[in-house]
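I opened this notebook to record a set of look-ups in one model. The entries follow the order in which I made them.

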Amino acid sequence: MQSILDEIAQQMAQSAEKGKVASYIPQLAKIDPNQFAISVALPNGETYSAGCAQTTFSIQSVSKVFTLTLALGKLGEAIWSRVGREPSGDPFNSIVQLEHEHGKPRNPFINAGAIAIADIIMQGHKPKESLAEIVQFIRFLANDESIVIDEKVARSEVETGTRNASLAYFMASFGHFENDVQAVLGTYFHHCSIAMNTHQLATAGLFLAHNGINPTTGYAVVSPQRAKRINALMLMCGHYDGSGEFAFRVGLPGKSGVGGGILAIAPGKASIAVWSPGLDVIGNSKLGTEALELFASKTGWSVFGD
């Protein structure tokens with residue numbers, strides 16, 4: 001495994017085209033795109049890494065996997081009355097479908113859907129309390145108490161998040177919110193600003209590769225059926241309007257973020273995290289996607305076969 005990762009990291013370092021960082025969030029625009037990391041966490045406790053796997057980055061929309069898991073634990077299957085389970089086919093911050101579908105987001109991984117999930121998690125609590133719950137949950141999954149929110153990124157998101165605010169107020173106009181809109185937005189912006197490295201992120205995703213059980217603690221995070229369904233949503237919706245292309249090329253459930261991170265799951269085998277801040281035109285990590293495609297090819301771990 002280590003030789004595979006070393007080879008992938010070397011190949012990514014030689015790539016001439018690394019994509020472009022997310023310039024619309026000023027703090028992310030400052031990040032050097034010439035960085036790459038990959039980590040693989042196995043259910044037996046072994047973890048392998050290559051590249052700058054100890055460098056933390058803003059996980060952005062990868063956090064939506066963990067907030068969805070929390071919301072399912074709080075509300076169960078009732079959350080599907082608030083958010084759908086279908087691919088969007090539109091950009092992650094599109095408002096078009098919300099109008100056609102009366103304020104119900106198409107899935108929990110587009111921005112509108114994740115904002116609705118944040119509203120579900122809050123249940124009348126203040127953003128500070130809700131964020132503490134989200135961060136503590138991720139720390140528990142990663143078995144690492146050092147994970148924190150990058151406050152500089154969070155402030156940058158708040159200052160430039162007018163499109164997300166529009167999505168939230170539009171949903172609220174249909175009566176879909178139970179909490180104050182600004183409080184929900186604050187929770188959303190801050191959970192997207194959680195900073196992790198690929199080692200931590202791969203470890204945090206292990207429960208989805210192990211029938212819902214965190215193998216490092218033996219704790220059942222979710223039922224096997226729920227783990228399967230979260231993986232299915234990641235495969236169908238985890239890369240926005242590039243989800244079909246990611247499934248075609250990589251063949252693994254995955255969730256991307258505009259910070260350049262991707263969490264991918266090989267069910268029954270491993271949790272894989274990659275990071276490279278340069279994005280493709282859709283907003284997914286360019287080298288991260290290429291690395292996972294190469295990884296799936298070398299390991300034969302695509303869910304669709306060797």
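**Conventions.** I worked from a predicted model, in which local features need pLDDT of at least 70 and side-chain atom pairs count only at pLDDT 80 or more, while totals for chains, interfaces and linings use all residues. Residues are numbered from 1 along each chain as its sequence is written, and side-chain values use heavy atoms, with hydrogens and water left out.

**Annotation.** I looked up the UniProt record, an unreviewed entry, which places the feature "binding site" at Ser61, Asn111, Glu157, Asn164, Tyr188, Tyr240 and Val258. UniProt positions are given in the numbering used here, feature names are shortened, and annotations may be inferred rather than shown by experiment.

**Glu157.** I located Glu157 in helix α7, residues 151-160; helices (H or I, at least four residues) and strands (E, at least two) are DSSP runs, numbered from the N terminus. Glu157 counts as buried because its relative accessibility is 5%; buried means under 20% relative accessible area, exposed over 50%, and partly exposed in between (1.4 Å probe, protein chains only). Setting aside residues up to four places away in sequence, I found Glu157 touching Ile25, Gln60, Phe189, Cys192 and Ser193, where contact means heavy atoms within 4.5 Å. Its side chain also makes a polar contact with the side chain of Gln60, at 2.6 Å. A polar contact is a pair of N or O atoms within 3.5 Å; within protein, one must be able to donate a hydrogen and the other to accept it, and residues adjacent in sequence count only if both atoms are side-chain atoms.

**Helix pair.** I then examined how α7 packs with helix α9 (residues 181-192): the angle is about 135 degrees and the axes are 8 Å apart. α7 is therefore oblique to α9. The contact is made by Glu151, Ala154, Glu157 and Val158 of α7 and by Phe189, His190 and Cys192 of α9. Axes are lines fitted to C-alpha atoms, for helices over the stretch in contact, and angles run from 0 to 180 degrees between N-to-C directions. Angles under 35 degrees count as roughly parallel, over 145 as roughly antiparallel, 65 to 115 as roughly perpendicular and the rest as oblique.

**Val258.** I placed Val258 in the loop between β8 (254-256) and β9 (261-266). At 6% relative accessibility, Val258 is buried.

**Thr203.** I found Thr203 in helix α10, residues 198-204. The side chain of Thr203 reaches the backbone oxygen of His199 at 2.8 Å.
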